[in-house]
Amino acid sequence: MNEKISLIAQRISEGDENVVFTGAGISTESGIPDYRSKGGIWDKFRPVYFDEFMSSKNSRIEYWRRKAELYHDLMKAKPNSAHRSLVRLYEMGLLEAVITQNIDGLHQESGLPDEKVVELHGNTRRVRCMSCGKIISIHEAQNRIEAGDLAPECGCGGYLKSDTVSFGQSMPEDEVQKAKELSQNCDFFLVVGSTLLVQPAALMPYYAKQSGAFLAIINLSETPYDEMCDVLIRGKAGEVLTEIVNEIRGLI
Ligand code: NAD
């Protein structure tokens, strides 16, 4: 384990473009269950599909009922030592960008600037009008729901929806393109806390490896990339990233 940490630390300190790709596993230490954990808030219900949301008021009411139920837990979650370690890398000038599948906004909350975070699946702290594109905060939507407006609409009459990618909804093209370019142009690519099963996000480590980047993975369970990566650490994101950053401090 120590040798692997040293190797990753050395690669990061030497890398011109270091990209980190994160999944739900980086936020479990903040108290947000990952996708596949049993009994967690995320697998209680069948998801509301995008076409159901757009075509049925009852589906929109159900969608917002679930969002409102998750709201207080999500707002309570704070960045953990894994998020903070990535901020340390950024402050040392050693982080080009974070590509994330997470929708919890904890990378920005930990101090990474917006422009350094590519959100492939959106951000649950924003709410978007499906007609005019206007953005409001999740707090405003929550206040309206708690005041009895069970399927809130925009002033233009459009449906308000969490600015996250629902099942059946198209991916944000600009973010996918930006993530692809970052993956293809980096020389070091680190996956943290993802099963790498959700597409097209899971193509990013493939693009990086194909383009000659060094590929490292920190994850508690198996991924389809375990055989092809250059270093694999089965460990907790918070502990491992803290050790890596401490090691880098001794190198630079
Ligand atoms: P996933 O749930 O499929 O996989 C998470 C991985 O992280 C698992 O392999 C698990 O073993 C590992 N893991 C859990 N805790 C860890 C820790 N402390 N340290 C290291 N590894 C740890 O997650 P995914 O691959 O990101 O796919 C889930 C999808 O669901 C994504 O599309 C995401 O948008 C969404 N989601 C987001 C959040 C969030 O925003 N926090 C939470 C749940 C689901």
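Colleague: Where is Glu243 found?

Modeller: This is a predicted model, where local features need pLDDT of at least 70, side-chain atom pairs count only at pLDDT 80 or more, and totals for chains, interfaces and linings use all residues. Residues are numbered from 1 along each chain as its sequence is written, and side-chain values use heavy atoms, with hydrogens and water left out. Helices are DSSP runs of H or I with at least four residues, and strands are runs of E with at least two, numbered from the N terminus. Glu243 lies in helix 9 (residues 237-251).

Colleague: Is Glu243 buried, partly exposed or exposed?

Modeller: Buried means under 20% relative accessible area, exposed means over 50%, and partly exposed is in between (1.4 Å probe, protein chains only). The relative accessibility of Glu243 is 34%, so Glu243 is partly exposed.

Colleague: How many disulfides are counted?

Modeller: A disulfide is a pair of cysteine sulfur atoms within 2.5 Å. The closest cysteine sulfur to that of Cys132 is in Cys129, at 3.7 Å, which is too far for a bond. For Cys186 the closest is in Cys229, at 14 Å, also too far. By this rule the number of disulfides is 0.

Colleague: Is Cys186 buried or exposed?

Modeller: Cys132, at 45% relative accessibility, counts as partly exposed. Cys186 has a relative accessible area of 4%, so Cys186 is buried.

Colleague: In which loop is Tyr49 found?

Modeller: Tyr49 is partly exposed because its relative accessibility is 32%. Its place is the loop between strand 1 (18-22) and helix 2 (50-55).
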